[in-house]
Amino acid sequence: MLGTHCRLYSRPKTHLNHSDTRMEVSRRRILQKHLEPARPLRRFIHTQIGKQYVAFVQCTRSKMLRISYTREFLIELARCPEASKKPCFLPDHPVVLNKAVSCLESFGNGGYFHDVLWFPLVK
Amino acid sequence: MNNKFDALKDDDSGDHDQDQGSPKDGEKEKTEDEEKEQNTSKKKMVVPGAGEHPLQYNYTFWYSRRTPGRPASTQSYEQNIKQIGSFASVEQFWRFYSHMIRPGDLTGHSDFHLFKEGIKPMWEDDANKMGGKWIIRLRKGLASRCWENLILAMLGEQFMVGEEICGAVVSVRFQEDIISIWNKTASDQATTARIRDTLRRVLNLPPNTIMEYKTHTDSIKYSLGRLPWAGEC
């Protein structure tokens with residue numbers, strides 16, 4: 001395999017020679033090598049805990065990579081069990097509920113883009 | 001503006017119903033516990049949990065309500081506004097949101113505020129003082145849905161205006177509800193135009209919807225000569 005690499009890079013002009021089937025085979029091998037599935041980023045995230053994860057988040061934020069989510073993605077996360085756990089430090093206040101209400105209870109399928117049954121107040 | 005309480009007057013346009021009393025009174029009324037609570041909240045920085053989806057910024061939920069039967073002049077806006085909690089990830093946001101009543105279920109003269117952590121929902125905050133807000137007035141029955149769509153767009157960084165967004169407010173009033181989104185630089189027309197266009201898109205507003213931009217400087221000026229219960233902005 002190493003020999004194949006060397007041959008390719010030492011004879012670059014042969015890339016343009018389409019009649020050279022030997023080189024075609026070599027190129028395919030190289031491509032196959034490069035197309036190995038990448039390790040998903042998610043695996044990295046899930047294996048990190050505590051400080052390492054926080055460091056990752058801070059690093060992401062500081063690199064000016066904007067973390068953006070679509071409405072649909074955010075709503076999808078509302079369905080996970082984590083979303084209905086009560087936060088540890090909620091004040092005792094009339095607007096705070098003891099039991100979680102379904103995030104999507106009011107809005108059903110969430111397809112507001114197609115919902116024409118409501119309009120803002122128009123003067 | 002020498003003192004932050006000087007400008008804390010009434011404004012029904014989606015944010016304040018602030019203090020008409022003397023500045024010193026307002027400061028005196030602030031209890032030690034409240035100061036301690038606010039200092040503590042400044043020190044604690046929420047972070048995303050392991051495996052959670054981090055947000056671009058941390059945010060804080062606030063709630064304010066004008067006490068029924070008491071004239072606004074006796075209250076300090078700053079005293080009247082309560083922190084509900086801060087969050088740093090999508091999952092943490094839903095935990096708070098699912099444990100709070102919906103704006104449409106609020107009664108009386110109430111506001112929910114969702115601001116970036118460290119920014120108070122006040123005109124006088126350093127992040128807000130040069131800024132302004134887009135205001136949309138809604139007929140009754142729409143506040144919950146519009147508020148949800150607005151804050152999801154804000155948390156999801158859909159406005160694409162860099163650091164400009166400060167926060168969002170939903171105000172429940174007698175005959176209508178108001179939602180608004182605050183930004184840092186009122187003079188930046190490109191930014192305010194982009195915020196307006198994004199609002200139209202994420203709220204699915206009809207083309208003829210009236211949208212009003214109001215600078216906080218104007219809000220302060222306008223509120224000075226007006227009684228707190230005088231109504232429209």
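This is a predicted model: local features need pLDDT of at least 70, side-chain atom pairs count only at pLDDT 80 or more; totals for chains, interfaces and linings use all residues.
With a relative accessibility of 39%, Glu163(B) counts as partly exposed; here buried means under 20% relative accessible area, exposed means over 50%, and partly exposed lies in between, for a 1.4 Å probe and protein chains only. Residues are numbered from 1 along each chain as its sequence is written, chains are lettered from A and ligands numbered from 1 in the order in which they are written, and side-chain values use heavy atoms, with hydrogens and water left out.

Side chains of opposite charge can pair when their charged atoms come close. Over all chains, the structure holds 11 salt bridges, each defined as a side-chain nitrogen of Lys or Arg within 4 Å of a carboxyl oxygen of Asp or Glu. In one of them, Glu163(B) pairs with Arg66(A), and the closest N and O atoms are 3.4 Å apart. Arg66(A) sits in the loop between α4 (50-62) and α5 (71-78) of chain A, and Glu163(B) in the loop between α5 and β5 (165-172) of chain B, so the pair joins two chains. Helices (H or I, at least four residues) and strands (E, at least two) are DSSP runs, numbered from the N terminus. Arg66(A) is also partly exposed, at 30% relative accessibility.

A second bridge has buried partners. Asp111(B) and Arg173(B) form a salt bridge whose closest N and O atoms are 3.1 Å apart. Since Asp111(B) belongs to strand β3 (residues 110-116) of chain B and Arg173(B) to the loop between β5 and β6 (176-183) of chain B, the pair ties together parts that are 62 residues apart in sequence. Asp111(B) is buried at 2% relative accessibility, and Arg173(B) is buried at 6%. Elsewhere, salt bridges that share partners join Glu82(A), Lys85(A), Glu52(B) and Arg95(B) into one network. Within it, Lys85(A) bridges to Glu82(A), with the closest N and O atoms 2.8 Å apart.

The largest has 54 residues, of which Phe61(B), Trp94(B), Trp147(B) and Phe159(B) touch the most other members. Helix α5 (residues 143-155) of chain B gives the most to this core, contributing nine residues. Another core, of 12 residues, lies apart from it and includes Tyr77(B), Phe115(B), Ile119(B) and Ala127(B).

Conventions:
A nonpolar core is a set of buried Ala, Val, Leu, Ile, Met, Phe, Trp, Tyr and Cys residues joined through side-chain atoms within 4.5 Å.
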